[in-house]
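Let's walk through this model together, starting with a pair of helices and ending in the sheet. Please keep the structure open as you read.

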Amino acid sequence: MEGKRDSMEFVTQAGDDVPVIGIGTWQMETDTAYRSVSTALDLGYRHVDTAQLYGNEGGVGRAIDDADVERDEVFLTTKVDPTHRSVPDIVESVRDSLRQLRVDHVDLLLIHWPHPLADLGTVMRGLNAARDEGLTRHIGVSNFGKDRLDRARELSDAPIFTDQVLFHPWWPQRDLLAYCQREGVTLTGYSPLANGALIDNDMLAEIGHRYEKSPPQVALRWATQHENVFTIPMSTSREHLAQNLDIFDFRLTRDEYDRITTASYLRTGWAMLQGQLGL
């Protein structure tokens, strides 16, 4: 079944209704990102995530430009390479991203991860400067733990829209999620299928059988049933992209949710290694 926008769920943050399911583009080459984002937009996706370090902003931008979709209908996120550590370097890098993305602004700009040699105050001033110049509507962070997120919020003039982090049933981020929910920060979960390790998970298959859903659909429903959470699964397959949207006609019970939430450092680490090695 192809995805339909009218069945989407949204999180309202800073006046924007943002789709809880977006398309991630990590590890996609430029042409692959173009095809995948084009397909996603055709299916009804309106939330797209990319980054300077992905090297595919040009493909993402072409896809949005070529789509039969108005620019203001797409919530577009990119992330600053953390080696840009001065305010001028951060702002200039964002200008370059906009040129590649073929837009005059992004909706959300994140620092990709905390650089050990970067001054956090300077980084937050750089993100704020980009916002002040109209290069982005919102700012946020990625791969920040609770304490660093709290400090970033203190150092930022603009509200922190989101913290984009690893988030799946084996890595449920309970402390960080509770902080975000309490403080009104959204959490954007990447790798919601644990780098593909959950695709054939027996427990998810058993639960999914009750709803005529696949294990990935169950995992994505688990993510989206959390308050103030977005998730950005990656796929290059039209069939899988459509299935990822087809998750809003069922809800997991509390018992099912508790069974699925099985925090495991070991399984998370092994899944990340397999994903990085392409195993």
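A helix axis here is a line fitted to C-alpha atoms over the stretch in contact, and angles run from 0 to 180 degrees between N-to-C directions. Helices (H or I, at least four residues) and strands (E, at least two) are DSSP runs, numbered from the N terminus. This is a predicted model, in which local features need pLDDT of at least 70 and side-chain atom pairs count only at pLDDT 80 or more, while totals for chains, interfaces and linings use all residues. Residues are numbered from 1 along each chain as its sequence is written, and side-chain values use heavy atoms, with hydrogens and water left out.

With that in hand, turn to helix H7 (residues 202–211) and helix H8 (residues 215–224), which pack at an angle of about 85° with their axes 8 Å apart. That makes H7 roughly perpendicular to H8; angles of 65 to 115 degrees fall in this class, those under 35 count as roughly parallel, those over 145 as roughly antiparallel, and the rest as oblique. From H7, Leu 204, Ala 205, Ile 207 and Gly 208 meet Pro 215, Val 218 and Ala 219 of H8, where contact means heavy atoms within 4.5 Å. These residues divide into 6 nonpolar, 1 polar and no charged. In this scheme Ala, Val, Leu, Ile, Met, Phe, Trp, Tyr, Cys and Pro count as nonpolar, Asp, Glu, Lys and Arg as charged, and the others, Gly among them, as polar.

Next comes the sheet. It is an open one of 8 strands in the order E3-E4-E5-E6-E7-E8-E9-E10, with parallel pairing; two strands pair if DSSP finds at least two bridges between them. Its edge strands are E3 (23–24) and E10 (229–231), each pairing on one side only.

Because 6 of its 6 residues are buried, E6 is largely enclosed by the rest of the structure; buried means under 20% relative accessible area, exposed over 50%, and partly exposed in between (1.4 Å probe, protein chains only). Strand E5 (residues 75–80) runs parallel to E6 and is joined to it by 4 bridges, with Lys 79 opposite Leu 110. E6 also pairs with strand E7 (residues 136–142) over 5 bridges, and here Ile 111 stands opposite Val 141. The chain crosses from E6 through helix H4 (residues 120–132) to E7 in a right-handed β-α-β crossover. Right-handed means that, with the strands pointing away from the viewer, the path from the first strand over the helix to the second runs clockwise. E5, H3 and E6 make a right-handed unit too.

Now move along to E9, where 4 of 5 residues are buried. E9 pairs with strand E8 (residues 160–166) over 5 bridges, and with E10 over 3 bridges. Leu 187 has Val 229 in E10 as its bridge partner. Between E8 and E9 lies helix H6 (residues 174–183), and the three make a right-handed β-α-β unit.

Finally, two loops deserve a glance. Arg 102, between H3 (87–101) and E6 (106–111), has a positive phi of about 60° although it is not a glycine; Arg 102 is partly exposed at 45% relative accessible area. Ala 194, in the loop between E9 (186–190) and H7, has a positive phi of about 55°, yet Ala 194 counts as buried at 0% relative accessibility.
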